[in-house]
Amino acid sequence: MGTNSSSIVSKRSVERLYYPEEPHFFRFFVNKFQRRAPLINRGYLLRLKVIDTLVRQFLEEPSSRKKVVVNLGCGSDVLPWQCNTRYPELSQDVLFVDVDFPDLMDKKRKVVLGTPELRQLLGSHRVGAESSPIYLRSEKYCQIGCDLRQLDLLRDCLSTLIGSPAAEGSFLFVAEVSITYLETLAADQVIQWAGTLGNANFCLLEQILPDGPDHPFAQTMLKHFDKLKTPLRSVLQYPTVHSQEERFVSRGWSDVQSWTLWEAWSDGQFMSSAERKSLDHVEPFDEWEELSLFASHYIVVLARTKTPSEETEESTRRCRPNSSPSSSSGVPPLPATMTFRDYPSGRGQRRFAAAMLTEDLYGQSLIYNVMGQGPRSRLGSCDIHGAAGGSAQQPLLPGPQLGGPSARVCHTLTDLGALGVLLVGGRTSPAAALQDCWLYKKVVNRWERVHDLPVPLFRHSVLRLGSSALALLAGGKTNHHSASSHFYLYHPENGWVRCRVQGVLPALFGLVLTELPNSEPGSYRGLLYGGMLEDGILNEQAYTWKLDLADSQPLLALRPCSVEPGEGNAEQQTLHRFGAFCIPQGEHSILLGGVVARCLLPRESDMLVLKGTSSGFEAVARLVDKDNARSLRPFSIGGSVVGNGEDTFSILGGGMTCFSMGSFWSKGNYTVHADIVRLGKDTPPPPPPPAATGGRMAANPATYLQTTEIVAAADVVVQGAQSRGKTTSGNSSQSTTVVVRRVKVASQEEFNQILETGKPVIIEGVDVGSCVARWTPEYLVSTVGAHRKVLVHDSTTEKMDFNAKNFSYATMSFEELIREAQAGRKVYLRALSAAEPSNVAAKLETDFPGLAEDFRLPTELGFVSDNEFSSILRISGPVNMWLHYDVMANVYVQVKGTKRLMLFPPGDLTRLGFAPGASSSSVDVFGALEQGLLGTDGDGTDGDAGVHPHEAAVGAGDILYLPPLWLHTAQPTTRPGELSVAVNVFFRSMAAGWYATGRDIYGNRDLGPYEKGRQDVAKLARSLCKLPREAAGFYADRLAEELRQSVHNAD
């Protein structure tokens, strides 16, 4: 069954990553390891933790009966081996029984009997006869092959295995996403039948629909299983927590408990705070909204039944009321209208972007949705939308925005009025937070780099203070495992200043920061609530803050506060959110979207109107549809929200990865209008809208217009031939730089397609190991060894030239290399083999084994691993690598710092100063770009260099694929005092017979046919030189042209 195969591959991924110290058993059922995405790994880890905890609790319970753990629909699960390894004493007298269809059990039996590590659990055992449903039998482990609808047969088999009537045993039945594939009636019969076996326990894990089948996650999930031809049959009849609990109670189970997996995530009995925090050190993770949605759509039920003699006088029934937590609400409704406008096909798909309101040159309102994550990669662009209520006149749309920020997600945009819109931080990957800040000048459509953050941050919150040009920043993540508890004040002239804080705020990210009315000059006050703690739990404590600007260092007083009318408020849980939006509207604010603790955010609480009070804040209204009073629920996960007029806001973009079941993208923009400013006032409502609107409140939708590129400052298009005041714009001497494409690679097949295309790309969003987080200068020195000797390039200039040899080779200790590089010395390490530097190619795993444990090539790049020639550690100070080419293909993995590389296709070789037979050039590409000479003959006169530069800017975690023979030069762009650290893996991408034979420690010998051809050319030259000079030149030119034509015309 496809679901079993997919599940076991995912569990194998979790086993290998998160249980390195335990024996691995899933590996025997998985032919080839496939590392799953962090979201899938974390979801399956949670599933495994919950099942393991409930099984362990059953094993710990005292009982005079024979304990039997029956795994219903077990597939290739390895629960018996895990329990006997983790809890040997508790499992000593326990019988584990696997039950599934006969064909699956036959396959599992073959694997168990053919694997010594699995077979040793059996001890003395018997293999069942061909006609017997008992496939394998031993004292500790048995297998039954039968259809779960054959309950009488299953009962007889269990009685046979325990040597007495089944009713005399103490059973734990485990059904982990298995009986939901049966017809619902058959699944219910399994539950009822299990409850007749005396002292029985039942652990059920399967899907639910907490917001119905129309929720985008539910839609995607149901379609996924339908496509696999394994529809979820029980979920429509038992879609909620309450209905699942009643399912057991109505069938005789006297003690019923349940948890959604999202509840289980924060329940200490399943996973402690320290355990949750430790997960971030295994692999970077930032898919919190998606994890919450996945875990809220799964429930685990633990039901117990007891024999009459053991039953207490009053059975325990821990079922919940027939409602979602916090969904009942006394908050009054506020009528609103919500309009929707579809995106054109393939447009508008971006999530975790940020939106801002601006105007065109005619004064018409526009909304920019800036950067974010697209379907395949981070986006260095913005979608432009006509704002709700805008003029019908065709807006004047801007062109590309040059010299702006690089592509990112989880950044913020804060409108500072006439000053512009402030972009702060963000990230590339969860392990690579960004520190840069930019100001967007609306009138001139231009980005300007401003003061960097004191520390890199993403998932932070920024608030404009009143109508000033000041902004307050709170919280955020500094990397994939640490959050900030600090506040920073932004001043246009002074940059970021850290605030002194009175009070204690835990480290938080994804919080809500709002401002309250304040009458005291020189100070501001507001609220802070929601967000997530470092251990992945929702913060449910709210705070008031007051900022005093009287001193040079701002003082922020922080005080805990409550949600009125107190802790019992039904909306208490739903106000404390992670990743929510808060839109100020006069004295009120609208709280929208996000995720909450323990459950899916109830529909009724999706959009709330809040108001500050003397001691905290309260929800004073919830937005409902004006026509049918049904709660409004636009899809907002990963979206961008911007207020675009009084009482009106728009939601743009948004999307999610639905675990392993597919992706969902918002199909258009939502625009919502409600009379919020007048809420609670005696002022009359506005006049009714014109009849043409159907009597509805106006809510003109934001409309997609176009997508515009933001060309990063490091990637600005280079226009050549602009020296000595002479511009050759428009003639053939212009040379335009192509920005190397950024892609995501989801499979080995996709990477193989990249190889076939033969163009460089930057691969992002893949896991290269813990090196990105760990390889600090201190860690490198301690791991490699301070006194380890290395050979480095020691240059007198920042522009190394191999031909001019303006550097020397120096031997220094590794500690000295790191220290000198940080201090700005122009040193460069291209590691050589530690054992035989003159004879053997470098390999990270043999030359730096301690570092190799932290580095891995993604499984998607399996071709690279299978054909690896060398793997080289590179550490650079402020010095450029000269222009050269490599014969072998390679992937350049940037681990720390940033680097800028200029690449040229092989056809540009003759135009870039490469001497015949040389693989290095003395052309200073970066200098030529700065002087505008790259597109000229180099002397400032018009010419046609004919080169085709490509530019790649790589940061931590990025992988640059360089095809064979592409010319390239590199320049570190790290800040002073920082290192550029990379691992360069060379691999053979051509037929083995084409590479030159013999010693080749650098992997850079030219291909065999070329080396042989050069010998033939030498012979030919000797023959031509016997002719008169003019004739020799004539025939040499003819032969060269004939050779060129023959190669170009070859099939």
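This is a predicted model: local features need pLDDT of at least 70, side-chain atom pairs count only at pLDDT 80 or more; totals for chains, interfaces and linings use all residues.
**Entry 1: S30 and its partners**

I started with S30 and strand S31 (residues 616-625), which run antiparallel and are joined by five bridges. For the bookkeeping, strands are DSSP runs of E with at least two residues, helices are runs of H or I with at least four, and both are numbered from the N terminus. Two strands pair if DSSP finds at least two bridges between them. Residues are numbered from 1 along each chain as its sequence is written, and side-chain values use heavy atoms, with hydrogens and water left out.

Back to the strands: I found Lys-611 opposite Glu-618 in S31. Three residues lie between S30 and S31, and the two form a hairpin. Then I looked at the pairing of S30 (residues 607-612) with strand S29 (residues 588-592), which is antiparallel with five bridges. Leu-591 has Leu-608 in S30 as its bridge partner.

**Entry 2: the nine-stranded sheet**

Next I traced an open sheet of nine strands with mixed pairing, in the order S3-S4-S5-S2-S1-S6-S7-S9-S8. Which strands are at the edges? They are strand S3 (125-127) and strand S8 (255-260), each pairing on one side only. From one strand to the next, the twist averages 15°. At the S3 end, S3 and strand S4 (residues 134-138) are antiparallel and share three bridges. Val-127 sits opposite Leu-136 in S4.

I also checked what lies against this sheet: H7 packs on it and touches strand S1 (67-72), S6 and strand S7 (199-207). Contact here means heavy atoms within 4.5 Å. The direction of H7 makes about 155° with that of S7. Angles run from 0 to 180 degrees between N-to-C directions, and axes are lines fitted to C-alpha atoms, for helices over the stretch in contact.

H7 kept turning up, and helix H6 (residues 151-162) packs with H7 at about 35°, the axes being 11 Å apart. From H6, Leu-151, Leu-154, Arg-155 and Leu-158 meet Gln-189, Val-190 and Trp-193 of H7. By class I get five nonpolar, one polar and one charged residues in that contact. The classes are Ala, Val, Leu, Ile, Met, Phe, Trp, Tyr, Cys and Pro as nonpolar, Asp, Glu, Lys and Arg as charged, and the others, Gly among them, as polar.

I then searched the whole structure for aromatic pairs and got 30. In one of these, the ring centres of Phe-173 and Trp-193 are 5.6 Å apart and the planes are at 65°, so I logged the pair as edge-to-face. Phe-173 is in strand S6 (residues 170-176) and Trp-193 in helix H7 (residues 184-194), so the pair ties together parts 20 residues apart in sequence. Cut-offs: rings of Phe, Tyr and Trp (its six-membered ring) pair with centres within 6.5 Å, and planes under 30 degrees apart are stacked, over 60 edge-to-face, the rest tilted.

**Entry 3: H2 on H12**

Helix H2 (residues 38-60) packs with helix H12 (residues 288-296) at about 40°, axes 10 Å apart. That makes the two oblique (under 35 degrees is roughly parallel, over 145 roughly antiparallel, 65 to 115 roughly perpendicular, and the rest oblique). The crossing of H2 and H12 is right-handed. On the H2 side I listed Leu-39, Arg-42, Gly-43, Leu-46 and Arg-47, and these meet Trp-288, Glu-290, Leu-291, Phe-294 and Ala-295 of H12. The contact of H2 with H12 has six nonpolar, one polar and three charged residues.

**Entry 4: H16 on H17**

How do helix H16 (residues 777-784) and helix H17 (residues 814-822) cross? Their axes come within 9 Å, at roughly 165°. H16 and H17 are therefore roughly antiparallel. The contact uses Pro-777, Leu-780, Val-781 and Val-784 from H16, with Phe-814, Glu-815, Ile-818 and Gln-822 from H17. I sorted these residues into six nonpolar, one polar and one charged.

**Entry 5: the six-stranded sheet**

Last, I looked up an open, mixed sheet of six strands, ordered S38-S49-S47-S51-S45-S48. Strand S38 (738-739) and strand S48 (920-921) each have a single partner strand, so one side of each has no neighbour in the sheet. Strand S45 (residues 881-885) pairs antiparallel with strand S51 (residues 967-972) over three bridges. Met-881 has Ala-970 in S51 as its bridge partner.

Notes
A crossing is left-handed if the near helix is turned anticlockwise from the far one by less than a right angle, and right-handed if clockwise.
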